Every structure is written in structure tokens, then in C-alpha cells.
Amino acid sequence: MGEIVFLGTGSAWRTPEHGCQCAICSIMRMRNEERARSSILIQSNCTLLIDCGPDLLNQMKIHNLGRPDAVLITHEHGDHFLGMDDLLAYRRTIPANQWKPIPVYASYETWKSVELRFSYLIGSLIERNIAVPNQPIVDFGDTIIPFSTDHGVTAPGSVGYVIECGASGAGKKIVYTSDFVGLPEEPDFLSNPDILIFQSHWLNEPDENRPSHMSLQRGIDYIRRWAPIEATYLIHISASDIVSGDPNNNILKKPECSNPLISPRTSVPYPTPRCQSEWQSVADTIAQDFALSCKLMVSYDGLRVSL
Ligand SMILES: [Zn+2]
Ligand SMILES: [Zn+2]
């Protein structure tokens, strides 16, 4: 048995965004909903932390997290690695002669940025390991396979991770995409995971996808092709979808969207979800309308899923 803990399920700016009065941030604030920067913990034969953004210390406190066996970094954007300093808590609370640096994996290109910021941690707090796409990492009882993702020119060498939990642990296959706009290649090992954890930055694809993210509108094709067995969990959900009638639709974070996802059943666009219950309601309808192979779950901070 094992568990996935969704430590954060939001985008780079955390939602609701500070000072933002848009329809999404407003209703989230009213309902006390918050999405911290996206990160998950997987516990099977080992404990893996995928990404460690600026909310890490808070996430460590909320979930009383112990030292992970390894940290997997997907790419060089701040919301995915800037909390690395806070791993120091694990070093400061045990006798010095018992300490071993925490193995951290990132692609060669991603390490260039991580090293610029955190070179002083390497060797003392963290151990630098290269995640090479399509090359399994077998050191932790569960097999970890990085795969290349395309997250635009500002995130060269970005990767997602497949975790094949060993039979003596949870025995499940988990695919974690993190941020991406597409994939340079689609290896066979992405197919038929037990659980797919998938970026859904927006419901609707904007006319211009400048931040190089995935929308659920485009994601449906990936979910159908990869055909997860148990469930797909949506993460990295932003507050950037246009909401019909919202006077704040003209602010910078709301890109134009002229071709929203149309329901094949009703031939009208799905209502833009603003909060967790509206997201889950739309996701349930989409899973039915598009005959997905699995449940389509909208993750939220603190969600725990048994493996
Ligand atoms: Zn991100
Ligand atoms: Zn990113």
C-alpha cells in the first residue's frame, strides 16, 4: 500500500492571487479555497517529493513531512524549485555524523538554473543527480522514469516523471506531467498508467498559449490516448480562464479565448469553473461526454489518494 499526497495544486502565482478581484479569485476567497504551488508526495517503497516550490515549508508543516528519499524536479521555473532551501530543516535536526545529502534529480539543463541559485546546497544538503529522459532510475525500490516535455523556451530540459511503484510497495504506475504545452516524443511507457496526474492550467485553450501550458480542452486527447485505469487528477489549476460576464476579463492574466470547449452532447460551451465544486462538476460531465476510461478528478490541496 502507499499514498499520494497533493501538497499543492495551483499555478505559479498561487490562487486566489493577491489583490485580484476576478470572478475566480473572488469566489475562492469567499469559500476559503486556496491552491498552493503544485507539488506532490508519493509514498510507496520510498518517499518521493515531486517539485518543491516556494510553499514547501508551509506544506512540510501542514503535513508533518519527514525527510524524502529523493526529490524530483520537473523544470527551472520558480514555482517548482525555489523551496529547496527549506529542506535544510531535515539536516539541522539530526546528529551531524548521521546526515546524508538528499538525492535531488533534475535534467542537465534544469540543473544549470538550480545550481545558479542553490550551488551552496550541493554536497552538503542535496546530492546532484541528472534525470536523463527515458533512462530509469532504480535506486529507491520504486522505478522512476523521466520523460521529456515541451514547456517552451523558458524551461529547456523540462521533464515529467513516471513512477512504477515496486510490487512490494503499491505496485501502481503513476504518470506526472507537470507543466507542458506538448511532448517532443510520446514513449510507450506513458500509456495505461493506474493514475495520471495531469496539468490543467485552464479549462479552455487560449488563442495564444504564451506561457506554454496545457488546458483540459487539449488535454482530453492525451487522457483518451493514454487511457489511465483508475483516475486522472488535474493539477496546476490557475485563475486565468475567462468567466462569462466578469468585468475583470480584461486583466493581464486572462488571455483571449475564442474557441472554448464545446460539449458534444449539448453543442454549447461548458460553464467556466470558478471553484473546486464547479471544477469537479464540469470534470464529471466532460468525463461522461468524452467517454473517458477513468474518473476525472480535480485535485485540491491536502487531497490524499491511497495506492
Ligand atoms: Zn508551474
Ligand atoms: Zn513552468
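**Exercise 1. Describe how the donor residues of the zinc ion (ligand 1) are spaced in sequence, and characterise the site.**

Solution. Step 1: in sequence, the donor residues of the zinc ion (ligand 1) follow the pattern D-H-x98-D-x56-H. The model is predicted, with pLDDT of at least 70 needed for local features and 80 or more for side-chain atom pairs, while totals for chains, interfaces and linings use all residues. Residues are numbered from 1 along each chain as its sequence is written, chains are lettered from A and ligands numbered from 1 in the order in which they are written, and side-chain values use heavy atoms, with hydrogens and water left out.

Step 1: the coordinating atoms come from Asp79 (OD), His80 (NE2), Asp179 (OD) and His236 (NE2), at 2.1 to 2.2 Å. Donors are N, O and S atoms within 2.8 Å of the metal (3.2 Å for Na, K and Ca); water is not among the atoms, so sites may look incomplete.

Step 2: the four donor atoms subtend angles of 86 to 167 degrees, which makes the arrangement irregular. Four donors count as tetrahedral if all angles lie between 85 and 135 degrees; four count as square planar and six as octahedral if opposite donors are over 155 degrees apart and all others between 65 and 115; anything else is irregular.

Step 3: Asp179 lies in the loop between β9 (173-176) and β10 (195-199), and His236 in the loop between β11 (231-235) and α7 (276-289), so the pair ties together parts that are 57 residues apart in sequence. Helices (H or I, at least four residues) and strands (E, at least two) are DSSP runs, numbered from the N terminus.

**Exercise 2. Determine which residues coordinate the zinc ion (ligand 2) and which residue bridges the two zinc ions.**

Solution. Step 1: His75 (NE2), His77 (ND1), His151 (NE2) and Asp179 (OD) coordinate the zinc ion (ligand 2) at 2.1 to 2.3 Å.

Step 1: the angles among these four donor atoms are 89 to 171 degrees, and the site is irregular.

Step 2: the bridging residue is Asp179, and the two zinc ions lie 3.4 Å apart.

Step 3: His77 lies in the loop between β4 (70-72) and α3 (78-81), and His151 in the loop between β7 and β8 (159-164), so the pair ties together parts that are 74 residues apart in sequence. His151 is buried, with a relative accessible area of 1%.

Conventions: Buried < 20%, exposed > 50% of the residue type's maximum accessible area, 1.4 Å probe, protein only.
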